[in-house]
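Please read the following note alongside the sequence and the model. The points go from the chain as a whole to a few selected details.

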Amino acid sequence: MARTKIRIFVSENADDDVAAGENVLRWIRPPTAPVTLRFGAFRQTVRLSAGEPADGLRLPSTTAARLGLQAGVRLLAHYRADTRTLALGPLIGVLINRAQPSDELRLFGAATGFCREFAEACRRYGACVFFFTPDELSTTTAVEGWSWNGRWRKSAFPIPDVVYNRLGSRRAENLPTVKNFLREARNRFGVAVFNARFLNKVELFAALKRDPRCARYLPESAPCRDLATLRHFCSKYPTVFLKPVHGSQGRGIMRITRSRNEYVCETTLLAGVRRRSYPTLADLYQAISGTLKRRPYLAQQGLRLISADGRPIDMRVLVQRESDGRWSITSIVARIAGNRQFVSNLARGGVMCRLREALERSDLPTERRVETVARLRKAALDVARGVEQTISGHFAELGIDLGVEPNGRVWLIEVNSKPAKTVGTDAPSSPLRIRPSTHRTVRYAIRLAGF
């Protein structure tokens, strides 16, 4: 399979043939026989005529419009002689929550900066990307989406080669239009969809418990459906956490501690932490039972994590697939809980810092720090492979939250299949820094598309 990078030109005459430069025509034997032009799910039989420049491909205006392509775009192209197919692209679709056409600077809200960054990375690699929302899913033959070329432009695109699922809410992900589109894209067009779905905490811990590599990192966990479950955990552990099964950003987490005369329940709220005491566990359960009935919760063994000035520390490890499909660690950062908080989420006042800095500020013994970093890296890769092998869905990046006890033992806290990508939404003319995580995602998407 031959591959090169070409520039797209657009002919004003809609009846013109597709004209190819010598960098493409040298592959075609015989050059006068028809070939199949492919872009995403688009297929069209064409005859190629000779054209200039050598790295150019000139499309009739009607064809360019159907593909959503603008003149001047540079794309990868490869030719398969056995099927006489000339493929352009790859075409990558990024599924995102919503668009605000009235505000170009923040077209996708807080995700706008990331979308520009991702589009610029695709441009450098020779891929074409568009961003679309559940509102654009009216058919399964084409998609209305937004592309970036110095400014945002909306147009129709074929069904892409690859869909990168960046939906940030379970509600959006469970919309019938979204489910139907992704199912049809996979089954009808063979589209690769990655970051397939949010993870369920109960499903996650139950699945990883079956993987011998991962079981050692798991605190005891179970769905909290009744007082008996809560009593079991509180009898074994001085601290117990109750976590919303479908929660995120630390919302609604409860910490239960017991002393000689009472049980204390602390709950994370928007305004801080609410603290209430109860004389018996039955009284505590009665107070929270309504919450447990409205939404599912996971009971989990409390951990005594390393801390800085009494504020617990955990680590977020970003694990991504390389272009060859192997899992690799992109970054490790530490998060220190905010003042009077027992969770380290940034949305709850947590502070992010470098891993080395956090360990130096922590109560982890100095002699254990180097070994602990190695343990964190191994644990993150073990968990990523465990998710791949035990949980349905195609995942290409995972935000893995790990905790460390003062004795150096590493624990799994949570796995996020939609790790945050927010960057600043500077003016469109501002220069962009493309992060290593974005480079890796684009390279992996190109590989999935067969380019």
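1. The secondary structure of the chain comprises 12 helices and 26 strands; helices (H or I, at least four residues) and strands (E, at least two) are DSSP runs, numbered from the N terminus. This is a predicted model, in which local features need pLDDT of at least 70 and side-chain atom pairs count only at pLDDT 80 or more, while totals for chains, interfaces and linings use all residues. Residues are numbered from 1 along each chain as its sequence is written, and side-chain values use heavy atoms, with hydrogens and water left out.

2. Taken along the principal axes, the C-alpha atoms of the chain fill a box of roughly 90 × 45 × 45 Å. Of its 451 residues, 53% count as buried (buried means under 20% relative accessible area, exposed over 50%, and partly exposed in between, with a 1.4 Å probe and protein chains only). Among contacts (heavy atoms within 4.5 Å) with a separation of 6 or more, 68% come from residues 24 or more positions apart.

3. A search of the whole structure finds 26 salt bridges, a salt bridge being a side-chain nitrogen of Lys or Arg within 4 Å of a carboxyl oxygen of Asp or Glu. As background, side chains of opposite charge can pair when their charged atoms come close.

4. One of these salt bridges joins R7 to D55, with 3.4 Å between the closest N and O atoms. R7 belongs to strand 1 (residues 2-11) and D55 to the loop between strand 5 (48-50) and strand 6 (56-60), so the pair ties together parts that are 48 residues apart in sequence. R7 is partly exposed at 30% relative accessibility, whereas D55 is buried at 17%.

5. Strand 1 also contains S11, which is buried with a relative accessible area of 9%. Apart from its neighbours within four places in sequence, S11 is in contact with D16, R58, L59, P60 and S61.

6. A second salt bridge pairs R255 with E266 at 2.9 Å, N to O. Because R255 lies in strand 17 (residues 254-258) and E266 in strand 18 (residues 263-269), the pair ties together parts that are 11 residues apart in sequence. R255 counts as partly exposed at 24% relative accessibility, and E266 is buried at 12%.

7. D401 and R335 form a further salt bridge, 3.1 Å from N to O. D401 lies in strand 25 (residues 397-404) and R335 in strand 23 (residues 327-336), so this pair ties together parts that are 66 residues apart in sequence. Both partners are buried: D401 has a relative accessibility of 3% and R335 a relative accessible area of 7%. D401 and R335 are linked with D314 and R316 in a network of salt bridges.

8. The buried residues include F114, F118 and C122. Among the elements that cover the buried residues are strand 9 (91-95), strand 10 (128-132) and helix 12 (436-448).

9. Helix 3 (residues 112-125) reaches 20 Å from its first C-alpha to its last, close to the 20 Å expected at 1.5 Å a residue; the expected span is 1.5 Å times one less than the number of residues. Just after helix 3, G126 takes a positive phi of about 85°.
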